[in-house]
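I opened the notebook for a new structure today.

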Amino acid sequence: MQSKDHIFAAPIAQLGDFCFDQKVAEVFPDMIKRSVPGYSNIISAIGMITARFAQPDSQLYDLGCSLGAATQEMRRNLTQPGCKIIAVDNSAAMLERARSHLAAFKSDAVVELVEADISDIAIENASVVVLNFTLQFIATERREALLASIYRGLKPGGVLILSEKFISADDTVNELLIDLHHDFKRANGYSELEISQKRTALENVLRPDTPEQHKERLRGVGFTHVDLWFQCFNFGSMVAVK
C-alpha cells in the first residue's frame with residue numbers, strides 16, 4: 001500500500017528547505033505521481049531509450065536515483081551482455097527503499113547502489129546516463145562541470161537523458177505553466193496550503209533553467225545532438241547523444 005503524501009498538509013511554523021529525508025522517502029511515489037506531470041511517461045521512455053542505446057560491456061548510471069524507478073526501468077530493458085547499472089543518491093533513506101524496491105524484482109542485470117554526491121562520481125565506460133529531476137538540485141555553478149564529466153565518461157554513441165522542471169524565458173508563458181502545474185496538483189488532491197508550503201520549501205533548493213539554457217550548456221560541454229523529446233507544462237526531458 002502506497003503511503004499518502006501529507007507532509008505539507010498542516011501549517012508549519014518554521015518551514016525549512018526541502019530535503020530528501022525519511023519522511024519524504026516514505027511518501028515519495030505518491031508525491032511524484034501527484035506533483036510531476038508526465039512522470040510515468042518519462043520513466044517508460046527511459047527504458048525504451050536504454051534498450052536502444054545500451055552497449056555491450058558498458059556501464060549505465062542513474063544519478064540521483066531516489067527510490068530506483070528509473071534504475072528498475074533501465075534494468076528491465078537491458079538486453080546487452082556484460083553491463084552494470086550504477087545508481088547513485090546522497091540520501092541514505094532513499095537508497096534503503098531503492099534497495100528493497102529493486103530486490104522485489106528478479107533480474108540478471110547487475111545493479112550497484114552508491115551513497116554519494118553525484119558530482120563526486122567518476123563516470124567511466126558509460127553508454128547511458130540518466131539525470132532524472134536531479135540537476136535542478138545541484139548548485140547552478142556546478143552544473144557545467146558535472147555535465148562535462150558525464151560527456152567525458154560516455155562512449156561514442158552514448159546518451160544522456162536529462163529530465164527537469166523548466167522555467168520559460170517568456171514571463172507570460174512562465175506564469176501560465178506555473179498556474180497549470182498548480183491546477184494539476186489541485187486536481188490530484190493537494191490543498192492550497194500544501195501547494196504554497198511546498199513551493200516555499202523548494203525555493204532555495206530547486207533552481208530551474210530554461211530549455212534553451214540546458215541546450216546551450218549541453219552543447220558547451222561537447223554534445224552535438226541535443227533536443228527536447230517531452231514536455232508537459234513546466235516539466236520535461238531532453239536527450240543528448242555523444
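In which sense do strand 6 and strand 7 pair, and over how many bridges? I looked this up and found the antiparallel sense, over seven bridges, between strand 6 (residues 225-232) and strand 7 (residues 235-241). Two strands pair if DSSP finds at least two bridges between them. Helices (H or I, at least four residues) and strands (E, at least two) are DSSP runs, numbered from the N terminus.

Before going on, I noted the ground rules. This is a predicted model, where local features need pLDDT of at least 70, side-chain atom pairs count only at pLDDT 80 or more, and totals for chains, interfaces and linings use all residues. Residues are numbered from 1 along each chain as its sequence is written, and side-chain values use heavy atoms, with hydrogens and water left out.

**Entry: the hairpin**

Strand 6 and strand 7 form a hairpin with two residues between them. Phe233 in the turn has a positive phi of about 55 degrees. Asn234 also lies in the loop between these strands.

Is Asn234 buried or exposed? Asn234 counts as buried because its relative accessibility is 3%. Buried means under 20% relative accessible area, exposed over 50%, and partly exposed in between (1.4 Å probe, protein chains only). I then listed what Asn234 touches, leaving aside neighbours within four places in sequence: Glu164, Lys165, Phe166, Leu177, Ile178 and His181. Contact means heavy atoms within 4.5 Å.

**Entry: positive phi**

Most residues other than glycine have a negative phi. I looked for exceptions. Ser66 has a positive phi of about 45 degrees, although it is not a glycine. I located Ser66 in the loop between strand 1 (59-63) and helix 3 (69-76). At 12% relative accessibility, Ser66 is buried.

Phe133 is not a glycine either, yet has a positive phi of about 55 degrees. Phe133 is in the loop between strand 4 (126-132) and helix 5 (140-153). Its relative accessibility is 10%, so Phe133 counts as buried.

**Entry: rings**

I counted aromatic pairs and got four in the structure. Rings of Phe, Tyr and Trp (its six-membered ring) pair if their centres lie within 6.5 Å; planes under 30 degrees apart count as stacked, over 60 as edge-to-face and the rest as tilted. Trp229 and Phe230 form a tilted pair, 5.5 Å centre to centre, with 45 degrees between the planes. Trp229 is partly exposed at 31% relative accessibility, whereas Phe230 is buried at 18%. Phe133 came up again: ring pairs link Tyr39, Phe133 and Phe235 into a cluster.

I also checked for a charge over a ring. The charged end of Lys242 sits over the ring of Tyr151, 4.5 Å from its centre. The test asks for NZ of Lys or CZ of Arg within 6 Å of the ring centre and within 35 degrees of the ring normal.

**Entry: strand 4**

Strand 1 and strand 4 run parallel and are joined by four bridges. One of them pairs Leu60 with Val128 of strand 4. Strand 4 and strand 5 are also parallel, over six bridges. There, Asn132 has Ser163 of strand 5 as its bridge partner.

**Entry: the cores**

Which residues touch the most other members of the largest nonpolar core? I found Leu63, Val129, Leu131, Ile150 and Leu160, in a core of 26 residues. Helix 5 gives the most to this core, with four residues. A nonpolar core is a set of buried Ala, Val, Leu, Ile, Met, Phe, Trp, Tyr and Cys residues joined through side-chain atoms within 4.5 Å. Leaving aside neighbours within four places in sequence, Ile150 is in contact with Leu63, Ile123, Val129, Leu131 and Leu160. Apart from this core lies another, of 23 residues, with Ile46, Ala54, Leu78 and Val241 among them.

**Entry: the whole**

Last, I looked up the totals. The protein has eight helices and seven strands. Buried residues make up 51% of its 242 residues.
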